[in-house]
Amino acid sequence: MSQIALFGNPNTGKTSLFNNLTGSYEYVGNWSGVTVEKKVGILRSRDAYVVDLPGVYSLHPLSRDEGVATDFLLTESFSTILNIVDASQLKRNLHLTIQLLEFGKPLVIALNMIDVAERRGMKIDVKKLADRFGVPVVPVVARIGKGMDELTEKLRSVEQTKPFTLTYDDVIETAIATISSYLPDDIERSKRWLALQCLEGNERVYEYLRAKIALEPILAIRKQTEESIRQLPHGRSLRERLHHFRETFIEAVLEDVVVWTEKRSLTWT
Ligand code: GDP
Ligand code: K
Ligand code: MG
C-alpha cells in the first residue's frame with residue numbers, strides 16, 4: 001500500500017486531521033533512534049497508509065523533530081505529501097509548504113482553521129491559492145472531520161505536480177546549479193531540493209550525501225555563497241536570504257488570495 005506523509009507546523013490541527021482521516025487501525029511507536037512518537041494509520045478508503053510526521057516550522061534541523069522530518073523525506077518511500085496549513089497563520093505556515101513543494105512529490109494542501117481565519121476577518125480564495133501553488137487545496141475543519149471525503153478523493157487522485165520552482169537571485173541560482181552538478185544521477189530525490197537544503201545548512205542532508213559523495217566541494221560552494229551574500233548591501237546571511245525570498249513570494253500570493261473584511265478593524269477595537 002502506498003504511504004501518505006502528513007506534514008505541518010505545530011498546532012495546526014495535525015492530530016485532529018490524522019484521527020479523522022484514518023480508520024481505527026493505528027500503529028504507534030517511535031522513530032528509529034529517537035523518542036519522537038511515530039503514528040501510522042490507514043486511510044478510511046483503506047488503500048493507503050497515513051504517516052504522521054512531527055510538527056515542524058521548517059526542514060532545517062534545529063530540533064529532533066525537524067531531523068525526523070528531513071530523514072523521512074530522504075529515506076522513506078511514499079507517494080504523496082499531505083500538508084496541513086493553518087489558514088489563520090498562512091504567512092508563517094507557507095514557508096514549510098514551499099520547502100515541501102521544492103521536494104517535488106505530489107502534494108495536497110489541507111487548509112484548516114478556516115473558522116478562526118474568518119473570525120479574524122480573512123476571506124481566502126481557495127481556488128486562487130491552489131492555482132498559485134499548482135496543487136489541490138481542500139478546506140477542512142479537522143476538529144470535526146469536515147472535508148474528509150474531498151480530501152481523501154484528492155489524495156487518491158493527485159498526480160505528480162507540475163514542478164514548483166521559486167526562483168532565487170543569481171548568486172543562489174548559480175550555487176544551486178553548481179551543487180546539483182556534484183550530485184550523483186542515481187539519487188532518487190530532487191537535485192534542486194537537495195542543493196537548496198545544502199545551502200540552508202541542513203545537517204541531515206549533509207549526512208545523507210556524505211555516505212555517497214565527497215561533501216567538501218559542496219561545503220566550499222556554500223561558504224563562498226555565504227560570503228557573497230554577506231557582501232550585499234543588506235548584509236543578510238544565506239539562510240536569511242533564502243527565507244526572505246520565500247517570504248516575498250508568500251506576501252505576493254497572500255496579497256492576491258486573501259480579502260480582509262471589515263471585521264478586521266473590529267478585532268482591534
Ligand atoms: P496539532 O498540534 O497540530 O496536532 O493540533 P491538534 O489536532 O492537537 O489541534 C490543536 C487545537 O486546535 C485543538 O484544540 C483542536 O481542537 C483545535 N482545532 C483543530 N482543528 C481546528 C479547526 O479547524 N478549527 C478550530 N477552531 N480549532 C481546531
Ligand atoms: K497540540
Ligand atoms: Mg499533535
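The shell around ligand 1 divides into 4 nonpolar, 6 polar and 3 charged residues. This is a predicted model.

**Shell around ligand 1**
- There are 13 residues around ligand 1. Those that come nearest are Lys14, Thr15, Ser16, Asn112 and Asp115.
- Two helices, α1 (14-21) and α4 (114-119), each supply at least two residues of this shell.
- Helix α1 gives the most, with 3 residues.

- Thr15 places a polar side-chain atom 2.8 Å from an oxygen atom of ligand 1.
- Asn112 also uses its side chain: an N or O atom there is 2.8 Å from an oxygen atom of the ligand.
- Asn11 takes part through its backbone, with an N or O atom 3.2 Å from a ligand 1 oxygen.
- The protein buries 72% of the 580 Å² that ligand 1 exposes when taken alone.

**Strands β3 and β4**
- Is strand β3 (residues 37-43) mostly covered or mostly open? Mostly covered: 6 of its 7 residues are buried.
- β3 runs antiparallel to strand β4 (residues 48-52), and 4 bridges join the two.
- Across this pairing, Ile42 stands opposite Tyr49 in β4.
- The hairpin of β3 and β4 has 4 residues between the strands. In this hairpin, Arg46 takes a positive phi near 65°.
- As a general point, side chains in a regular strand alternate between the two faces of the sheet.

Terms used: Residues numbered from 1 in each chain as written. Chains lettered and ligands numbered in written order. Predicted model: local features only at pLDDT ≥ 70, side-chain atom pairs only at ≥ 80, totals over all residues. Heavy atoms only, no water. Near = heavy atom within 4 Å. Polar contact = N/O pair within 3.5 Å; in protein donor to acceptor, adjacent residues only side chain to side chain. Areas by Shrake-Rupley, 256 points an atom, 1.4 Å probe, with all protein chains shown as cover. Nonpolar A, V, L, I, M, F, W, Y, C, P; charged D, E, K, R; others polar. Buried < 20%, exposed > 50% of the residue type's maximum accessible area, 1.4 Å probe, protein only. Pairing = 2+ DSSP bridges.
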